[in-house]
Number of protein chains: 2
Amino acid sequence: MAGDGTIGKACDVLEQVAAFARPVRFAELLESSDFPKATLYRFLQTLTNQGMLSYDPDRQTYAPGMRLVRLAHAAWTQSSLAPIARPFLDSLSRETGETVHLAQLDSSQVLYVDKRNAAQPIEMYSQAGKVGPAYCTGVGKAMMAFLEDEALNKAVSQQSYHRFTDKTLASEKALRADLDLIRGRGYAVDDEEHEPGIICIACPILTSGGRVLGAISITGSTERMNFDQLESWVPRVRRVAEQIGTEAQAWRFPETRTNAHNDRMQAT
Amino acid sequence: MAGDGTIGKACDVLEQVAAFARPVRFAELLESSDFPKATLYRFLQTLTNQGMLSYDPDRQTYAPGMRLVRLAHAAWTQSSLAPIARPFLDSLSRETGETVHLAQLDSSQVLYVDKRNAAQPIEMYSQAGKVGPAYCTGVGKAMMAFLEDEALNKAVSQQSYHRFTDKTLASEKALRADLDLIRGRGYAVDDEEHEPGIICIACPILTSGGRVLGAISITGSTERMNFDQLESWVPRVRRVAEQIGTEAQAWRFPETRTNAHNDRMQAT
DNA sequence: CATTTTAGTTCCAATTAATGAAACCGAGTT
DNA sequence: AACTCGGTTTCATTAATTGGAACTAAAATG
């Protein structure tokens, strides 16, 4: 992806190890990697030394390391909407009794940062940290719909458009049409586009200036409910999204953008 | 800490940003850093580009980035005891109704990897990914007590021995004495050593060969319970710890150690 | 059992990237 | 207008990464 120097390469390796959803051997990494043998080898060594990877000497496999969990906790606490949104999610969960998700965009994917299960209490990283597709989830579409042109084009072009169900919007054109709709009515709908039987409504979390911070959704199953029921919660969800946006902006995500620094940061 | 090349330095910077438990300015980082201005600046740039840090262009502050959360999810799933331990934690939680913690050691600190809240939750932070001191927590002492000599010496020497309460074991000597006790009876006790009013019992999770994998604990408050009550659960906790150890060994942490590779990996 | 293959590790000279002192810039002060 | 402070950029120097190739251990093969 991006290739800034040694650090960028190291991150690529990290990402690659994480991409296998299981402990992985050197040889496997090597063949799915652009790096020559020796180079990859040394990266794995160094990252293992640093605790960013863990190495199982018996099976000779690498996996993402525990140090990441520690660092991620700091990230979750400081950079995510989760701490701010927590009380709001709690009340939404209480009122609706349904599954509630809080998500943010991370490199054109949906990153779930918090969740309330219908019955159970909070589970932390069990769900937080998980990624999903943006083009066929309520939260993903809610966020994309309100991106500024440049970011939207980028996001839309980076979707995989895999057809999970026969209702999946499996093309850029179909997606863009739905995003226009969403922008108009202010919330997104997922009508079994990702998983059969699973429907949801989602509202974007925006700053007062319209910048996308994240999204919240309420999910149900077609067995227990229909869209009328689900959509009856939209006003409530929208209000919560607004409240989170306001608080977030005050605490963490102030409005101003587009100075020289920012431009450079986002560049290729 | 360790200084392997550019990657090591980048990790140090990451760690340093995370260490401030809040978004931090360039100048602040600079003065608590060994790097010269330009060097630190470029590291921050690159890491931000990579999503390992996030940058707030208005306040000009850096914080750990969301990419870490995504990577940590993979780490948590693959390298932690959490997925294996989950059903056991659930049943312990159900049976006791108290707060249950699952922890592992990460560079001489306690890293909490999973948690179940008490039926009547007591005010206490501790979440997955959170770290805590090893010398004054039940899980920390339970793990340290069963380390092999070399690792134990290292761990013991790296504690801060800050006196959180007047019961804190605030010296290496006092700690070692308690560890001997723990090793003898097979479980650790935290008698308000970290937080006043908070007590707990903890059992180590070991492989059949005696290698430390983690620890589980049950926590209570002095207001609602006493040690007799808490200690009545020790046999149950110990059994669960053994079960987790057995499963973990089978699935993920085989016994063999100490080949050339491993030696090098752990070296300076 | 000898031989070949495979997987992982190490070497080292060529190359490339990191480095950091110093200059620069812009916004807010004096 | 000159100064200061925090942040950013430049560029010659320095130190690191690089990767082809050689090597080793262990497993597969004849």
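This dialogue explains how to read several features of a predicted model.

Q: What kind of model is this, and how are residues and chains labelled?
A: This is a predicted model, in which local features need pLDDT of at least 70, side-chain atom pairs count only at pLDDT 80 or more, and totals for chains, interfaces and linings use all residues. Residues are numbered from 1 along each chain as its sequence is written, chains are lettered from A and ligands numbered from 1 in the order in which they are written, and side-chain values use heavy atoms, with hydrogens and water left out.

Q: What is the strand order of the open sheet of three strands in chain B?
A: Strands of a sheet pair through backbone hydrogen bonds, either parallel or antiparallel. Strands (E, at least two residues) and helices (H or I, at least four) are DSSP runs numbered from the N terminus, and two strands pair if DSSP finds at least two bridges between them. In chain B the order is S1-S3-S2, with antiparallel pairing. Strands S1 (24-25) and S2 (53-56) of chain B lie at the edges with a single partner strand each, so one side of each has no neighbour in the sheet. S2(B) is joined to S3(B) (residues 61-64) by four bridges, and Ser54(B) stands opposite Ala63(B) in S3(B).

Q: Which helices pack on this sheet?
A: Contact means heavy atoms within 4.5 Å. Axes are lines fitted to C-alpha atoms, for helices over the stretch in contact, and angles between N-to-C directions run from 0 to 180 degrees. Helix H4 (residues 66-79) of chain A touches S2 and S3 of chain B, its direction making about 130° with that of S3(B). Helix H1 (residues 5-19) of chain B touches S1, S2 and S3 of chain B, at about 100° to S3(B).

Q: Which strands pair with S4(B)?
A: S4(B) (residues 99-106) pairs antiparallel with S9(B) (residues 212-221) over five bridges, where His101(B) stands opposite Ser217(B). Seven bridges join S4(B) to S5(B) (residues 109-116), also antiparallel. S4(B) and S5(B) form a hairpin with two residues between them, and Ser107(B) in the turn has a positive phi of about 45°.

Q: How are chain A and chain B related?
A: Copies are superposed by least squares on the C-alpha atoms of residues with pLDDT of at least 70 in both. Chain B can be laid on chain A with an RMSD of 0.2 Å by a turn of 179° and a shift of 0.0 Å along the axis. The two copies are thus related as by a two-fold rotation axis.

Definitions and conventions. Buried means under 20% relative accessible area, exposed over 50%, partly exposed in between (1.4 Å probe, protein chains only).
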